[in-house]
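This report goes through one protein model, part by part. Please keep the sequence and the 3D view open while reading.

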Amino acid sequence: VPTIDEAMRIGFNLAKQKVFSKEKPLVVVLSEGEHGVEGSWTTSNGGVFENTLDITCSNISFIGQGKDKTTVRGGFGVLNKKNVTVKSLTLTNPNGYGLRVEGEEASVEMMDVSVKGCKNSGLSIYSGASVKATQCEFSENGSCGVFVTGGLKGIFTDCTIHHNGMNGVRAYEEGTLVELRGEQ
């Protein structure tokens, strides 16, 4: 399909016709090059973010050709969707967040992803969501590299978080857990 927005629309329709699972997700393979996000995403409290892809179904994977080969110019918004995977790409959003995850049902796994050059936080996790990031980089974002709040769980293994505007990692509110792990 010609755009990442169109891929999400098709994915949403496929998810209505077929059951995808964590073990057998709907897979969106992104080619080398730059992929611009044109749509917008609405948060749980009504905030609207332009150039942010609304992840409209659970059990979906976005896989690039490598963080030095595939760039998504725009962000991803996940509201109460489970088993969302982002792998082998760079997210950059000069107009907003790189990846914003909200809701008790939300779970995202990131592998070999660079989130950089975002106006706001590179990764924001709210309201009980969980994110697991492995070998990811969060850098040069306007606010925080990683922002975590609302009793959620974030696990970061062999990740680098550097050169962000305000904080590398900002975590607060009772019940919020951030684990930093790794040998690298």
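## Salt bridges

A salt bridge is a side-chain nitrogen of Lys or Arg within 4 Å of a carboxyl oxygen of Asp or Glu. The model is predicted, so local features need pLDDT of at least 70 and side-chain atom pairs count only at pLDDT 80 or more, while totals for chains, interfaces and linings use all residues. Residues are numbered from 1 along each chain as its sequence is written, and side-chain values use heavy atoms, with hydrogens and water left out.

The structure holds six salt bridges. One of them joins the side chains of Glu179 and Arg181, at 2.3 Å from N to O. Glu179 is partly exposed, with a relative accessible area of 22%, and Arg181 is partly exposed at 44%. Another salt bridge is formed by Glu102 and Arg100, at 2.8 Å from N to O. Both Glu102 and Arg100 are buried.

Lys82 and Glu105 also form a salt bridge, with their closest N and O atoms 3.2 Å apart. This pair links distant parts of the chain, 23 residues apart: Lys82 is in the loop between strand 8 and strand 9, and Glu105 is in the loop between strand 10 (99-102) and strand 11 (107-116). Helices (H or I, at least four residues) and strands (E, at least two) are DSSP runs, numbered from the N terminus. Lys82 is partly exposed, with a relative accessible area of 39%, and Glu105 is partly exposed as well, at 40%.

## Helix 1

Helix 1 covers residues 4-17, which is 14 residues. From its first C-alpha to its last, helix 1 reaches 20 Å, close to the 20 Å expected at 1.5 Å a residue. The expected span is 1.5 Å times one less than the number of residues. Which residues of helix 1 are buried? They are Ile4, Asp5, Ala7, Met8 and Gly11. These residues cover an arc of only 155 degrees around the axis, which puts them on the same side of helix 1. The arc is that of the directions from the helix axis to the C-beta atoms. An α-helix has 3.6 residues a turn, so residues three or four places apart point the same way.

The buried residues of helix 1 pack against several strands, among them strand 1 (26-29), strand 2 (33-36) and strand 5 (52-55). The face turned away from the buried side of helix 1 carries the exposed residues Lys16 and Gln17. Leu14 is also in helix 1 and counts as partly exposed, at 35% relative accessibility.

Met8, in helix 1, is buried, with a relative accessible area of 4%. Contact means heavy atoms within 4.5 Å. Leaving aside neighbours within four places in sequence, Met8 is in contact with Leu53, Asp54, Ile55, Thr56, Cys57, Ile60 and Phe62. Met8 and Ile55 are 47 residues apart in sequence, and their C-alpha atoms are 7.1 Å apart in space.

Gly145 lies in strand 15 (residues 144-149) and counts as buried, at 0% relative accessibility. Not counting residues up to four places away in sequence, Gly145 touches residues including Phe138, Ile161 and Gly168. Asn93 is found in the loop between strand 9 and strand 10. Asn93 is buried, with a relative accessible area of 1%. Again not counting residues up to four places away in sequence, Asn93 touches residues including Glu50, Gly74 and Cys118.

## Positive phi angles

Most residues other than glycine have a negative phi, and most peptide bonds are trans. Asn80 has a positive phi of about 55 degrees although it is not a glycine. Asn80 lies in the loop between strand 8 and strand 9 (84-92) and counts as partly exposed, at 36% relative accessibility.

Asp158 is not a glycine either, and has a positive phi of about 50 degrees. Where does Asp158 lie? Asp158 is in the loop between strand 16 (153-157) and strand 17 (160-162).

Terms used:
Buried means under 20% relative accessible area, exposed over 50%, partly exposed in between (1.4 Å probe, protein chains only).
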